[in-house]
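Thanks for coming. I have one structure to show today, and I will keep it short.

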Amino acid sequence: ARDREQQSRLADEDEERRRKGLRPKHRTLDARPAEARELLQSRKQAVDLEGMVGKVQIVQASTAASGQPGFYCKVCDVTVKDSLSYLDHINGKNHQRMLNRSMKVASETVSDVLAKLQSLRELKRRQQTKEEYNFQEQVSRQQQAEQLKRDKRREARKRQRRAKKGTGPDPSQDVDNDDDDDDEMGLAMGFASFGSTKK
């Protein structure tokens with residue numbers, strides 16, 4: 001009985017420290033019975049391990065471990081070395097206990113399972129209809145992009161033909177006189193020209 005009273009007193013002190021934003025003083029097991037804690041649930045969002053790659057985050061040095069490089073858990077004030085250890089930690093007993101969760105999973109009834117299956121079917125149907133719509137949209141975008149490329153090529157060919165005919169350079173296009181310089185250099189060295197004979 002005395003042990004239970006002491007554990008509940010320590011748990012109350014730790015709870016008070018958590019409310020103030022401090023780390024719990026005692027690393028004892030939670031005095032609350034497992035029924036008072038939440039049951040284990042699946043995550044609603046994915047764990048982002050790559051989000052902080054290459055970034056430096058300053059952590060308040062409350063323990064010696066917080067100054068070490070690695071993955072830092074704010075809830076437990078623990079630093080682990082790699083992503084695998086971090087995932088093991090956030091799925092482990094101590095982390096779940098700090099979040100006031102027990103390691104017991106809620107038992108599902110047949111109606112819960114059927115409702116989940118129905119929602120998954122509905123989600124799959126919605127995704128299939130979106131994909132068909134997106135496919136048609138993607139095809140039209142691709143056709144527009146190809147048409148734009150063809151138009152640009154056509155314009156470039158027209159400019160080249162105009163420049164070859166000698167009707168004068170297009171004022172919107174800068175013409176380099178490098179070809180003339182190459183021809184003069186080739187003649188001085190005894191070559192007819194540099195490059196191919198096709199023009």
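Start with H89. This residue sits in helix α2, which covers residues 83–90. Is H89 buried or exposed? Its relative accessibility is 15%, and the cut-off for buried is under 20%, so H89 counts as buried.

What does H89 touch, once residues up to four places away in sequence are set aside? The list is C73, C76, V78 and H95. Take C76 from that list: C76 and H89 are 13 residues apart along the chain, and their C-alpha atoms are separated by 9.5 Å.

Now to H95, the other histidine. Helix α3, residues 93–98, is where H95 is found. H95 has a relative accessible area of 7%, and with the limit for buried set at under 20%, H95 is therefore buried. Leaving out neighbours within four places in sequence, H95 is in contact with C73, V75, C76, H89 and I90.

Last, the surface. Which residues gather in a patch of positive charge there? They are K149, R153, R157, K158, R161 and K165. I will pick out R161, which lies in helix α4, residues 110–165. With a relative accessible area of 49%, R161 is partly exposed; the exposed class requires over 50%.

That is what I have on this predicted model.

Conventions
Residues numbered from 1 in each chain as written. Predicted model: local features only at pLDDT ≥ 70, side-chain atom pairs only at ≥ 80, totals over all residues. Heavy atoms only, no water. Helix = DSSP H or I, 4+ residues; strand = E, 2+ residues; numbered from the N terminus. Buried < 20%, exposed > 50% of the residue type's maximum accessible area, 1.4 Å probe, protein only. Contact = heavy atoms within 4.5 Å. Patch = residues over 30% accessible without salt bridge, like charges linked within 9 Å, V, L, I, M, F, W, Y side chains within 5 Å. Areas by Shrake-Rupley, 256 points an atom, 1.4 Å probe, with all protein chains shown as cover. Salt bridge = Lys/Arg side-chain N within 4 Å of Asp/Glu carboxyl O. Lys, Arg positive; Asp, Glu negative; His and termini not counted. Charge placed at Lys NZ, Arg CZ, Asp CG, Glu CD.
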